[in-house]
Structure formats: C-alpha cells, structure tokens
Amino acid sequence: MDKLLITGGNRLSGEILISGAKNAALPILCAGLLTAESVQLSNVPQLQDVATMLKLLRQLGLRAEQEGNRVMLNGAAIDSLEAPYEMVKTMRASILVLGPLLARFGEAKVSLPGGCAIGSRPVDQHIKGLQAMGAEISIEAGYILARAKKLRGTRIVTDMITVTGTENLLMAATLADGETVLENAAREPEVADLANLLVKMGAKIDGIGTDRLVIQGVAALHGAEHTVIADRIETGTFLCAVAAAGGDVILKNTRSDILDVALDKLREAGVILTAGPDWIRVQMAARPKAISFRTTEYPGFPTDMQAQFMAVNCIADGTSHVTETIFENRFMHVQEMNRLGAAIDIEGNIAIIKGVDKFVGAPVMATDLRASASLVIAGLAAQGQTLIERIYHLDRGYDRMEVKLSAVGAQIERVK
Ligand SMILES: CC(=O)N[C@H]1[C@@H](OP(=O)(O)OP(=O)(O)OC[C@H]2O[C@@H](n3ccc(=O)[nH]c3=O)[C@H](O)[C@@H]2O)O[C@H](CO)[C@@H](O)[C@@H]1O
Ligand SMILES: C=C(OP(=O)(O)O)C(=O)O
C-alpha cells in the first residue's frame, strides 16, 4: 500500500495549477445519465473517485471516454439500472446515480452507502424527496429499490441542508412532470455548477446558487459542453500548506470568490493573500496566529477544510476553538496530530487547540480524505520525517498532490 514520506521544514515557492472540483465532477458525470446525447466535459480532475464513478457509469452502459482532463459521455445505450454495493461502498457519491436513473428510466436499484469514517451519513432526505415526487421506494437487502413511471413535480423541504441530496433531487426534477420546488437547498458552488450544466442540457432551473431551486420539468435533455469549476477545497488545502510551512505560492486556475470565509480566516491568521480573476497568491513569513471557527454549510466555513485549518492552528501562536457542526465524527486527525506533537483536546464537537512551537515528524495514519490532507500539511511544517500510511484516502480526492507539492519545493515522495 502506498505511503507518503515527507521531510518537513522546506518553505514552498512557485506555482500550482488547481484541478477541477471533485465534488462538482462527481454529480456532473452522473448528469450524463439524463440524456441519450453526448456530454463533453473539461477540467475533470484525475483522481480515484472520478475513476470509480466512471467505472460505475460504464457498468450501467454509459459510454465514457477519458483523455486527460476531458471526458466524453454518451448515455444512448444504458442497459443496467443497478449500482452494486462493491462500488458504492468505496464511494458514497455513487448515490448520485439514483435520481437520474429513476427520472429517465422509471426504475433504479442502488446500494445503500452505509456509514463512513466521518459520520453515519444517512440518505433519508434523498429518499424522502423522491417519494414526494411519486416514487415507490423500498429498502431490500441493503439496496434502495425505486420505481416511478413518471416523477411528478412537487414542493420539497429537506429536514436539513444536504449537498448530494439537493443534487439528486435537482437531477430527478429536470425530467419530472411539472414544477418542483426545492426549499432548503444546498448553495455550494458545486451544486450551482451542476445546475449550470443541466441548464445547458435544456433543463429549466431558477434560483441557481440560492436555497430555493425551482425546476420546470422537460420531456428530454440534450447534449452539452461544460468546464468543471475549480476545486475550492484543493485550493484551500494548498493555502493552508503555505500558511503552515511558510513561503510564497501562486495558485492558478482557481477562484477566490468561492472561498471568502476561508480566506478571511487565513488573513486573520496573518497570511498575506492577493487574488485576480483566476489566481490567488499566498505569502507567509511569520508564525500563524490561532483562529477559531465553526463549520457550517456554504457560504459558511466548509467542513471539508476543517482538518487542514486545524493543522495550521496546531503550530499557531495562541489557543483556538474549532467547532464541527456537519459531521459527528470528523476529528479523527486529532490523535494523529497529537502524535506529531500537537496539543489538542476534544470536548464534544469542539476541539481546543493550544498552539505549540512545532510539529515533530512521526509515522501517522490517514483515516479519511481531508484528515490525510491535514497530515500532509503537518508533515510539511514538521521537523524531521513524517510517514503517512493509508493514503488511498488522499488519492480519492486529490489530483497528484505530491507532484504538485514537490514542484513548489516540498520534500515529499510516494513510497511502497
Ligand atoms: C461528493 C460530495 O459532494 N461530498 C460532499 C457533500 O457530502 P454529502 O452530500 O454526503 O453531505 P450532506 O450535505 O448530505 O450532509 C450534511 C449533513 O446532513 C446529514 N444528512 C444528509 C443527507 C440525508 O439524507 N440525511 C442526513 O441526515 C449528513 O449526515 C450530514 O450530517 O457535502 C458535505 C458537506 O458539505 C461534504 O463534506 C462532502 O465533501
Ligand atoms: C467528505 C468528502 O467527500 P465524500 O462526500 O465523497 O466522502 C470530502 O470531499 O471531504
């Protein structure tokens, strides 16, 4: 199993090209199921979750050709409506085939994703929404079995804000009879990116980017071309790497306007940030200052950046409080960071971090995707060597992270 070996202490300097967003690419790939015509995508990140999604989609009969960051999809010959457990268990986002399959073919069988390291993550809101649109849904032997001759538009208020729930219901609603109103919709930029593609495919959607999406169903969608938006979480991860290790790096092919709260927090920590329409420059020469925050839905502080910011706080001047409000078990990096010399206490969903002078390298274990990224950041800032095991978690969501970091001066290598 691959590991990452990092020798810390190097300042980072140069340029990094940011990839397309994993969390936009995954639903967007599933949107290829909604039409018999071709969907051409560019800026698709090359990472494990995308490979898994393409494998699942091909198994359903979707033609998918990948050339670098371009993917061509064609859904003219879908011949299976089943997402098996073996695939869904490695990637929860597989649940995103449910809405499109049901809407276009009137039937779907999708394995329940089950819990995962960061929380129990039920999909009851996806099911509740589809039932409200007239689907008959049963759970049998760990599978969601859904049927609906034709979905009907209706008003759906989800109990909480859910990103993939909004995306599933949005895709389903594009082909439903009549008007669907999604209240309490997620406003994440990745939801808006999916909606923008759907509009290019002929969907009628109002309120994109707001918490109220109004969709007028159409009889069929057609082909389209689309460029996936920049990955704001990858961007934020590299910003934190510079905040912790020091340096001067320009992140290209990204946007600052979808990262407002995270950028404000970094400025509060003493990081110097400048930005243009498609780049962000990050400079850090001093020890960071401790910053407190709580995770919330967009446009608040993203839970997917909590661990990376915690790595910065660990070696900051002062004490900080980090409150996780989205997932019940998203502090698994804490024990590993403490092994690297950090001083973090957990009280319920609050981590109390007393800044220490430095991390000291040690072997550590990655437990989930962003926890892995936070350990890379800690390793870059640490004195000595850090060996990170189980980086298959990292590979799920980052496009050649160690290659990008090496190019800006980090000592980081993949070892067997
Ligand atoms: C592929 C993708 O885009 N993943 C992102 C998506 O995950 P995902 O879409 O799975 O996360 P949700 O927004 O659905 O989850 C938010 C909260 O709602 C709960 N919930 C959700 C649905 C449901 O039917 N019932 C329920 O109780 C979840 O357990 C969680 O506590 O948004 C998360 C929150 O920003 C991010 O961390 C993930 O990176
Ligand atoms: C939690 C994440 O992803 P997923 O929803 O795919 O598990 C993430 O991207 O940090």
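This is a predicted model: local features need pLDDT of at least 70, side-chain atom pairs count only at pLDDT 80 or more; totals for chains, interfaces and linings use all residues.
**View 1. Domain 1 and domain 2 touch each other.** The contact takes 19 residues from domain 1. Domain 2 gives 14 residues to the contact. On the domain 1 side, helix α13 (residues 392-397) supplies the largest share, three residues. By class, this side of domain 1 holds nine charged residues, six nonpolar ones and four polar ones.

**View 2. Ligand 2 sits among residues of both domains.** Asn23, Arg92, Ala93, Asp304, Leu369, Arg370 and Gly397 surround ligand 2. At least three residues of this shell come from domain 1 (3-19 + 230-415). Domain 2 (22-227) also provides at least three. Sorted by class, the shell has three charged, two polar and two nonpolar residues.

**View 3. A UniProt feature spans residues 7-404.** The record is an unreviewed entry, and it names this feature "domain: Enolpyruvate transferase". In the model, the end C-alpha atoms of residues 7-404 lie 16 Å apart.

Note on methods:
Residues are numbered from 1 along each chain as its sequence is written. Chains are lettered from A and ligands numbered from 1 in the order in which they are written. Two residues are in contact if their C-beta atoms, placed from the backbone, lie within 7 Å. Helices (H or I, at least four residues) and strands (E, at least two) are DSSP runs, numbered from the N terminus. Ala, Val, Leu, Ile, Met, Phe, Trp, Tyr, Cys and Pro count as nonpolar, Asp, Glu, Lys and Arg as charged, and the others, Gly among them, as polar. UniProt positions are given in the numbering used here, feature names are shortened, and annotations may be inferred rather than shown by experiment. A residue is near a molecule or strand if its C-beta atom, placed from the backbone, lies within 6 Å of it. Domain bounds come from an automatic or database domain assignment.
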